[in-house]
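I opened my notebook to look through a structure that is new to me. These are the entries, in the order I made them.

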Amino acid sequence: ERSIPTATFSAPVCSALLYAAMLVLLSMTATPDVLLSQETLFLSLSLPIPAVGYLGAIIVGLGSCLSCIDVAPWILRAIACEESAPDTLRPLDGLDGHGEPRKAVVVTLLLSVPFLFVPSLEAIATMTSVSFLAMYCSMHVACGISSLLNLPSWRPRFNCLGWRLSLLGLFMSLGMAVTISLWVTGIIFGGALLIVAFAEYLLDSKQFNTHVGIRGLKYKMAMWLLTSSDGGPLDSSGMQAADVEADHWRPQVL
């Protein structure tokens, strides 16, 4: 119970210290003009020979690719196996004779291959960074709404977690994304809004074969506003005296 939260906080702290040390060492090695003009300076300073740095960069890149192509199809299949998944994703929940999600792998490759033709590595890094920050923003929104509405499914082990901390994380992630690239942030966040709109369309057209999700969130928000307007105390489920069964909001699908 303690190792997972401890590692969750320790990993970004260690990474931040490591990257900060790398920046300090680079600033002690070369002048600002050299740092701005030579993008591969870090690799050329590798010991004992520069080839070690290039080989390490290739190994790290291939390792990231293999981990993504291994994990992403399973995530896609998990979404397809959800009861709230639309009918268009149902064919992706199958496995081949070796127990691998072959169809999900093909869809993952179709989504990733176009990015191979992007000529600039900086553009790839920018899109990847903003995509991760967009994911963090959606996580903060989900945690903030769950904490604000006192949803029964929201049971954090840390008492300090709440809607205020989630709001701070949302603003920090959004500000960092805008700082990296404004137009890339607009495109990626616009795509996320299109996904939400598409989910609403599927929900209205009954392609979602369940009533959990955004509609359940709207119901919970309405009940929270109605019950909290009386000024009375709320119980752990966000309601006063009424015992109303509400569908839980499940943001992991989004």
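Below are my notes, from the whole chain down to single residues.

**Ground rules.** I am working with a predicted model, where local features need pLDDT of at least 70, side-chain atom pairs count only at pLDDT 80 or more, and totals for chains, interfaces and linings use all residues. Residues are numbered from 1 along each chain as its sequence is written, and side-chain values use heavy atoms, with hydrogens and water left out.

**Whole chain.** I looked up the helices and strands, which are DSSP runs numbered from the N terminus (helices: H or I, at least four residues; strands: E, at least two). The protein chain has nine helices and zero strands. Next came burial: buried means under 20% relative accessible area, exposed over 50%, and partly exposed in between, with a 1.4 Å probe and protein chains only. Of the 254 residues, 21% count as buried. I noted an accessible surface of about 17,600 Å² (Shrake-Rupley method, 1.4 Å probe), and 71% of that surface belongs to carbon and sulfur atoms. For contacts I took heavy atoms within 4.5 Å. Among contacts between residues at least 6 apart in sequence, 54% join residues at least 24 apart.

**Helix α4.** I checked the span of α4, residues 50-81. In α4 I found G53, P73, L76 and A80 buried. What covers the buried residues of α4? The cover includes α3 (41-44) and α5 (102-112).

**Salt bridge.** I searched for a side-chain nitrogen of Lys or Arg within 4 Å of a carboxyl oxygen of Asp or Glu. The whole structure gave me one salt bridge. The side chains of D96 and R102 meet in it, at 2.8 Å from N to O. R102 is partly exposed, at 49% relative accessibility.

**Nonpolar patch.** A patch takes residues with over 30% relative accessible area and no salt bridge, joining like charges within 9 Å and nonpolar side chains (Val, Leu, Ile, Met, Phe, Trp, Tyr) within 5 Å. I noted a nonpolar one of about 620 Å², made by L66, I69, L109, V113, L116 and F117. L116 sits in the loop between α5 and α6 and is exposed, at 66%.

**Aromatic pair.** Rings of Phe, Tyr and Trp (its six-membered ring) pair if their centres lie within 6.5 Å; planes under 30 degrees apart count as stacked, over 60 as edge-to-face and the rest as tilted. I got one aromatic pair. The ring centres of F132 and Y136 are 6.5 Å apart with planes at 35°, so I logged the pair as tilted. F132 and Y136 are four residues apart in helix α6 (residues 121-148), about one helical turn. An α-helix has 3.6 residues a turn, so residues three or four places apart point the same way. F132 is partly exposed at 43%, and Y136 is partly exposed at 36%.

**Two serines.** Is S147 buried or exposed? S147, in helix α6, is buried, with a relative accessible area of 13%. Not counting residues up to four places away in sequence, S147 touches W154, G162 and W163. The C-alpha atoms of S147 and G162 are separated by 5.6 Å, though the two are 15 residues apart along the chain. I then turned to S166 in helix α7 (residues 163-180), which is buried at 8%. Leaving aside neighbours within four places in sequence, S166 is in contact with H140, C143 and G144.

Key: Expected span 1.5 Å × (residues − 1).
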